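Subject: Structure handover

Hello,

Here is the structure I promised to pass on. Please open it alongside this note and follow the points below.

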Amino acid sequence: MERGRSAADFDDLSRQVRQLTALIAEQQATIAQQQATIAAQHEALVRASEQLTLLKKALFSPRRERFVPSPDQKLLFAAGVLDVPPAEILPASSVPRPPSKPKHRRQFVIPEFLPQRRIEHALAENERPCGCCGAERVIINEHVTRQIELTPAQAHVEVHVRYTYACKHCRSGEQVVTTAKPPAPIEKSPFGASLLAWIISSKFERHLPTYRHQEMLLAPLGLWLSRPLLCQLLKGSARALKPLAERLLLEILLSYVLQADETKVRYLGGQP
């Protein structure tokens, strides 16, 4: 009995030793893989830190320190530059310049996450009969225009759909009619009248600077509009409202009594 029990214990201990050996080998392989991952991430972190340092130096350091020397950059007074014969030095005006490429304005992309309201512009019933044979015209095409509109505390996209009607019997194309496009303050602009009215009111009624417009529009629109874009919208709105301003000026000058609000407004760089 003692010998059988000793043999069983020996077999059990041998099995445990083999299991522990396999577990240690697996853990060592895992540790080696983790060490390799840590080394690669450390190298990437060092490389990113160097790039961030160069970027900060290029953006925020004094101008004389922003220049990063390059082996391809030639210096003005380096050796060999002044050895060129004077006859070979051409004036700046005679040096041919490469043709300038036309600058294409980046098109504004309306985001898809804003809710949309579909507004259909259909022909009136008395305009649908064909002027040639009297048959009712059918829709053959639709024209979609999207504009961002702003209501209090929220924004949505108004989808204006215009239809093109044609007669099924007449093939000449003379009776093809498209519904009229709704008037817009700024032609071909993705921003509607309500959003322009909000910007104008914030700028000239509440005297808010443009960067405040960016911050306040971020919540309802979910977009960060650039300052040049906001200035272009103000400029286009001013052109659209110019006839109204001229008419108001005429009405004011025809009045017998004028009243003005002379409340002072603080602005940057000026006196209160």
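Read along the sequence, the chain runs α-β-β-β-β-α-α-α. That is four helices and four strands. Both come from DSSP runs, numbered from the N terminus: helices are H or I with at least four residues, strands are E with at least two.

A note on the source. This is a predicted model, in which local features need pLDDT of at least 70 and side-chain atom pairs count only at pLDDT 80 or more, while totals for chains, interfaces and linings use all residues. Residues are numbered from 1 along each chain as its sequence is written, and side-chain values use heavy atoms, with hydrogens and water left out.

Overall figures

The chain has 272 residues, and 19% of them count as buried. Buried means under 20% relative accessible area, exposed means over 50%, and partly exposed is in between (1.4 Å probe, protein chains only). Take the contacts in the chain with a separation of 6 or more: residues 24 or more positions apart account for 57% of them. A contact means heavy atoms within 4.5 Å.

Helix H2 and its partners

Start with H2 (residues 193–205) and H3 (residues 210–221). Their axes come within 10 Å and cross at roughly 135°. That makes H2 oblique to H3. Axes are lines fitted to C-alpha atoms, for helices over the stretch in contact, and angles run from 0 to 180 degrees between N-to-C directions. Under 35 degrees counts as roughly parallel, over 145 as roughly antiparallel, 65 to 115 as roughly perpendicular, and the rest as oblique. The crossing of H2 with H3 is right-handed.

Now H4 (residues 227–253). Its axis and that of H2 come within 10 Å and cross at roughly 95°. H2 and H4 are therefore roughly perpendicular. From H2, Leu196, Ile199, Ile200, Lys203 and Phe204 meet Leu230, Leu233, Leu234, Ser237 and Leu241 of H4. This contact divides into eight nonpolar residues, one polar and one charged.

The tyrosine pair and Gln175

How many aromatic pairs does a search of the whole structure find? One. The ring centres of Tyr163 and Tyr165 are 6.5 Å apart and the planes are at 75°, so the pair is edge-to-face. Rings of Phe, Tyr and Trp (its six-membered ring) pair if their centres lie within 6.5 Å; planes under 30 degrees apart are stacked, over 60 edge-to-face, the rest tilted. Tyr163 and Tyr165 are buried.

Gln175 sits in the loop between strands S3 (154–166) and S4 (177–178). Gln175 is buried, at 18% relative accessible area. Leaving aside neighbours within four places in sequence, Gln175 contacts Cys130, Gly131, Cys132, Arg137, Tyr165 and Ala166.

Two positive phi values

Lys188 is not a glycine, yet has a positive phi of about 60°. Lys188 lies in the loop between S4 and H2 and is exposed, at 78% relative accessibility. His207, also not a glycine, has a positive phi of about 55°. His207 is in the loop between H2 and H3 and is partly exposed, at 45%.

Best wishes

Methods: A crossing is left-handed if the near helix is turned anticlockwise from the far one by less than a right angle, and right-handed if clockwise. Ala, Val, Leu, Ile, Met, Phe, Trp, Tyr, Cys and Pro count as nonpolar, Asp, Glu, Lys and Arg as charged, and the others, Gly among them, as polar.
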